[in-house]
Amino acid sequence: MKILLFVCALVFALSGTALAEELKIRNAWVDESSPGQDTASIQFVITSKKDAKLVEVASGMSKNVEIHHMETDGATMTMQKLNELDLPAKTPVAFDENGLHLMLIGLRKPLEVGHKLPFALTVKFADGKTTLLRVLATIKPRDKEKRTDL
């Protein structure tokens, strides 16, 4: 019985790893926070090898994390919370300052340069299988002149 449980656990763990290999995250980062700031925006690029949907986001560094889409119409900017987001196969989807981003709401502690911000993405593939992808975002200086990546 113990061997059967071990084999089942191993198969489950390896299947999650295989699904995670279907996804690629690049350039995950977030600005350092200012004193009293309780929100932040995570930037990154995600590419899925197969059609999928981003269905859940989370981070222990904040009370809540939401997928947001921002649009500008002239002088008016609107932000909309999305419940899920399509990830078309082999198409990079950018989360950046000009459109999509992950919004951390209710920061539990300040975001300090040199540290990493952990977050998790739950992705559901078109075949119904899901995977949890754990990511570390670099915390960068808010002052663009102090950055080495520009």
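The following is a conversation about a predicted model of a protein chain.

Colleague: What should I know about the model before we start?

Modeller: The model is predicted, so local features need pLDDT of at least 70, side-chain atom pairs count only at pLDDT 80 or more, and totals for chains, interfaces and linings use all residues. Residues are numbered from 1 along each chain as its sequence is written, and side-chain values use heavy atoms, with hydrogens and water left out.

Colleague: Which residues touch the most other members of the largest nonpolar core?

Modeller: They are F44, L54, F95, L102, L117, F119 and L121, out of 31 residues in that core. A nonpolar core is a set of buried Ala, Val, Leu, Ile, Met, Phe, Trp, Tyr and Cys residues joined through side-chain atoms within 4.5 Å. Buried means under 20% relative accessible area, exposed means over 50%, and partly exposed lies in between (1.4 Å probe, protein chains only).

Colleague: Which strand gives the most to this core?

Modeller: Strand 9 (residues 116-125) does, with five residues. Strands (E, at least two residues) and helices (H or I, at least four) are DSSP runs, numbered from the N terminus.

Colleague: Is L87 buried or exposed?

Modeller: L87 is buried, with a relative accessible area of 2%. L87 is found in strand 6 (residues 85-87).

Colleague: What does L87 touch?

Modeller: Not counting residues up to four places away in sequence, its contacts (heavy atoms within 4.5 Å) include I46, D51, L54 and V123. The C-alpha atoms of L87 and D51 are separated by 6.0 Å, although these residues are 36 apart along the chain.

Colleague: Changing topic, how does strand 1 pair with strand 2?

Modeller: Strand 1 (residues 23-31) and strand 2 (residues 39-48) pair in the antiparallel sense over six bridges; two strands pair if DSSP finds at least two bridges between them. W29 has Q43 in strand 2 as its bridge partner.

Colleague: And in which sense do strand 1 and strand 10 pair?

Modeller: Strand 1 pairs with strand 10 (residues 130-140) in the parallel sense, over three bridges.

Colleague: How many salt bridges does a search of the whole structure find?

Modeller: The search finds four. A salt bridge is a side-chain nitrogen of Lys or Arg within 4 Å of a carboxyl oxygen of Asp or Glu.

Colleague: Which residues are linked in a network of salt bridges?

Modeller: K53, E84 and D86 are. K53 meets E84 at 3.4 Å, N to O. K53 lies in strand 3 (residues 52-58) and E84 in the loop between strand 5 (76-82) and strand 6, so the pair ties together parts that are 31 residues apart in sequence. K53 also meets D86, at 2.5 Å, N to O.
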